[in-house]
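Subject: The structure for you to look at

Hi,

Here is the structure I promised to pass on. Please open it beside this note and follow along.

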Amino acid sequence: MQTRLVSRGSRAHPRPAPSTRRSSVAVGGGTSWRLRTAPSRFMVCIMPGASSKLALFFLGYYAAATALEVVATKDCGADHHRYYVAAVYEHQSILSPDPLELTSRQQALELMNQNLDIYEQQVLTAAQKGVQIIVFPEDGIHGFNFTRTSIFPFLDFMPSPQLVRWNPCLEPHRFADTEVLQRLSCMAIKGEMFLVANLGTKQPCLSSDARCPHDGYYQFNTNVVFSSNGTLVDRYRKHNLYFEAAFDTPLQVDHITFDTPFAGKFGVFTCFDILFFDPAVTLIRDLEVKHIVYPTAWMNQLPLLAAIEIQKGFAMAFGVNVLAANIHHPSLGMTGSGIHTPLKSFWYHNMVSPKGQLIISQLPKNPSCLVETEKAKDKMDSFHSKFLKMVSSDPYCEKDAQEVHCEEASKWNTNGPPPFHSEMMYDNFTLVPVEGKEGHLRVCSNNLCCYLLYERPVLSQELYALGVFSGLHTVHGTYSIQVCALVKCGGLGFDTCGQEITEATGLFDFYLWGNFSTSYIFPLFLTSGMTLQTPDQLGWENEHYFLRKTGLSSGLVTAALYGRLYERT
């Protein structure tokens, strides 16, 4: 189990336009982005029996435990000391014993009310801590693994909030089959907070509608947002379904935002949506959202797509706050919730305990104030100078029909280990082993070359490898990616590189970079025990995107730059 505070971080910025990018010389120049922090001010809710010193950095699991953190920031001008209090709840849902079996609406409500009773307890606990918005996970109320037919009794009717202003708690008889919405609305009133939850909904359609399903209803995986007075503010219908036969995909993408009196505009999407352009990127790029509420039912897949890993990567990549609530079923690999800013994360990952977890954190209203832009030359040391020299003299590469050809490639390949192939995340990665206490490596695939400059204070008896993949991912979803990854292998054999591991002892000071052709790059960074890390620096230098980290205190599991080529999906 891990529930930790992280005190440093970085942000990935959109790639500058070609006409405005700056080329660096061997000893300086270029532009990168680095985060500075003011002295941290933490408030932590300590459960009985925990020492305050230990609990500040590692809160052990307690029944009904609540952890509260203030995410500190540097002086952000007019936004300094302006925060809001948020909560996410990782819920171990009570599931239907047989989701394929047909049941009655009454039986469905009896099961869902058991989950809603737990939700209500969490709302009341959060209210005592001054929480202003709470997020619950995907599938937390009704469960999963239904067919289209067997889920129908679990669905609420959903009127359009754009057409109807409705307070389900105060107007319970206005629409039939809305018992779940009524309970959620009443919870928001009791807690005096905004509430975000996920449920299944139904919408009748006419036979004249060519897309209308044969049973006469659209069925959607739906997030709902209630204000603190119980009003249904809006709803989001999941667009990028993940093998969800019970639900329909909306004809058009919902780009849903909602305004709050305490932090301004929020955006909302669900689970698998995080890997796609719509609605996630559009909300931030076009609608200028600074805060994301994110119900999810995420099955962890290491080394690149653990739940907390991608949540934090998204917050850093886009410079936003992410309030992520995951379902809690460790036997299915489902755990990992957190409240993330571009600078800090407060998270929960527990593959042992069957209990849920409430996380409460105080966040800046303006997360972009955590990030400052400065010249790379402002952080000049010998290690950085060496990186700048190497990236500025990188050989020019071009691809023909068969392979990549690079000028001046001999300086990288001579005396270097030969590449090998191994499956990682169901993709055929090209890798090279990381050997010795220091060195530099390059490995290429298609039009992407990845580079590593590293120093190791102590050698460990572990195999690490630098890997690259550029192409179409086709298992459990189809989408184009470019990935540079430094990973610990599962054993000492090359065929173990890419296996799922969580423990490591190898320490590195390193630069990882690549000639990415996308500006959408997620930094993924885990050390031993599912511990999130934040880079010292992220940014573009001489047409390459890089990540720097020095001074690791725990063994490296994964350090990766995960690029998405949305236009090729």
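Below is what I found, one region at a time.

This is a predicted model, in which local features need pLDDT of at least 70 and side-chain atom pairs count only at pLDDT 80 or more, while totals for chains, interfaces and linings use all residues. Residues are numbered from 1 along each chain as its sequence is written, and side-chain values use heavy atoms, with hydrogens and water left out.

Let me start with two helices (helices are DSSP runs of H or I with at least four residues, strands are runs of E with at least two, and both are numbered from the N terminus). Helix α2 (residues 105-128) packs against helix α3 (residues 179-191) at an angle of about 10 degrees, and their axes are 10 Å apart. Axes here are lines fitted to C-alpha atoms over the stretch in contact, and angles run from 0 to 180 degrees between N-to-C directions. The two helices are therefore roughly parallel to each other, a label for angles under 35 degrees. Residues of α2 that meet α3 include Leu109, Met112 and Leu116; on the α3 side, Val180, Leu184 and Met187 are among them.

Next comes strand β23 (residues 464-473). Of its 10 residues, 8 are buried, so the strand is largely enclosed by the rest of the structure (buried means under 20% relative accessible area with a 1.4 Å probe, protein chains only). β23 pairs in the antiparallel sense with β20 (residues 427-434) over 5 bridges, and also with β24 (residues 479-488) over 10 bridges; pairing requires at least two bridges found by DSSP. Ala465 of β23 stands opposite Pro433 and has Val487 as its bridge partner in β24. β23 and β24 form a hairpin with 5 residues between them, and His476 in the turn has a positive phi of about 60 degrees.

Val487 turns up again beside Pro303, which touches Val487, Met424 and Gln499, among others (contact means heavy atoms within 4.5 Å). Pro303 lies in the loop between β11 (291-296) and α5 (307-318) and is buried, at 4% relative accessibility. Pro303 and Met424 are 121 residues apart in sequence, yet 7.9 Å apart in space, C-alpha to C-alpha.

Finally, which residue's side chain does Thr270 reach with a polar contact? That partner is Asn223, at 2.6 Å (a polar contact is a pair of N or O atoms within 3.5 Å, one able to donate a hydrogen and the other to accept it). Thr270 is buried too, with a relative accessible area of 0%.

Best wishes

Technical notes
Buried < 20%, exposed > 50% of the residue type's maximum accessible area, 1.4 Å probe, protein only. Parallel < 35°, antiparallel > 145°, perpendicular 65-115°, else oblique. Lists of a residue's contacts leave out its neighbours within four places in sequence.
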